[in-house]
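Hi there,

Here is the model I promised to pass on. Please have a look at it first, and my notes on the side chains follow below.

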Amino acid sequence: MSNVIIKQSKQRKDDEYYTRYEDIEKQIELYKNELKNKIIYMNCDNPNFSNFWKYFHVNFSRLQLKKIVATFYDNNSFKAEYSGSNDNNINEYNKTDLKWNGDFRSNECIQILNECDIIYIII
């Protein structure tokens, strides 16, 4: 990311950055053998905008994942779960409203974390 973009963002007070799909792909491919039959949890991650969600969803069968889970931290917080079916439709997932606000420190999110094998911390 160039310094110009960072300066412009600072002036707009816009600090929302997303990891590029290409960067995720390069990194995850190094560890693809360790992902087989694993449940991956992405906390504080909105599956409607996340490149991490998109990557794991689109490559779900190829990576032989067991499930992907994301919790979204907001006033309308929810949990998204995908266990396979139509990998190319990233909007296909089971959505469950969270009782709390989706904060990763909440008992609800800690319980989800304890059920998963791999945690991608999205901040």
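Lys 54 lies over the face of Tyr 21, 5.5 Å from the ring centre. A charge sits over a ring here if NZ of Lys or CZ of Arg is within 6 Å of the ring centre and within 35 degrees of the ring normal. Lys 95 is placed over the face of Phe 78 in that sense, at 4.5 Å from the ring centre.

A word on the source: this is a predicted model, in which local features need pLDDT of at least 70 and side-chain atom pairs count only at pLDDT 80 or more, while totals for chains, interfaces and linings use all residues. Residues are numbered from 1 along each chain as its sequence is written, and side-chain values use heavy atoms, with hydrogens and water left out.

Now the rings. There are seven aromatic pairs in the structure; rings of Phe, Tyr and Trp (its six-membered ring) pair if their centres lie within 6.5 Å, and planes under 30 degrees apart count as stacked, over 60 as edge-to-face and the rest as tilted. Trp 53 and Tyr 93 make an edge-to-face pair, because their planes stand at 80 degrees, with the ring centres 5.5 Å apart. This pair links distant parts of the chain, 40 residues apart: Trp 53 is in helix H3 (residues 51-58) and Tyr 93 in the loop between strand E3 (78-82) and strand E4 (94-97). Helices (H or I, at least four residues) and strands (E, at least two) are DSSP runs, numbered from the N terminus. Trp 53 is buried, at 0% relative accessible area, and Tyr 93 counts as buried at 17%; buried means under 20%, exposed over 50%, and partly exposed in between (1.4 Å probe, protein chains only). Tyr 21, the ring under Lys 54, also belongs to one aromatic cluster with Phe 52, Tyr 55, Phe 56 and Tyr 120.

What about disulfides (cysteine sulfur atoms within 2.5 Å)? The structure holds zero. For Cys 44, the nearest cysteine sulfur is that of Cys 109, 6.8 Å away, which is too far for a bond. Cys 44 is partly exposed at 25% relative accessibility, whereas Cys 109 is buried at 1%.

Finally, Asn 46 sits in the loop between strand E1 (39-43) and H3 and is buried, at 12% relative accessibility. Leaving aside neighbours within four places in sequence, Asn 46 is in contact (heavy atoms within 4.5 Å) with Phe 72 and Phe 78, and Phe 78 is the ring that has Lys 95 over its face.

Best wishes

Conventions
Disulfide = S-S within 2.5 Å.
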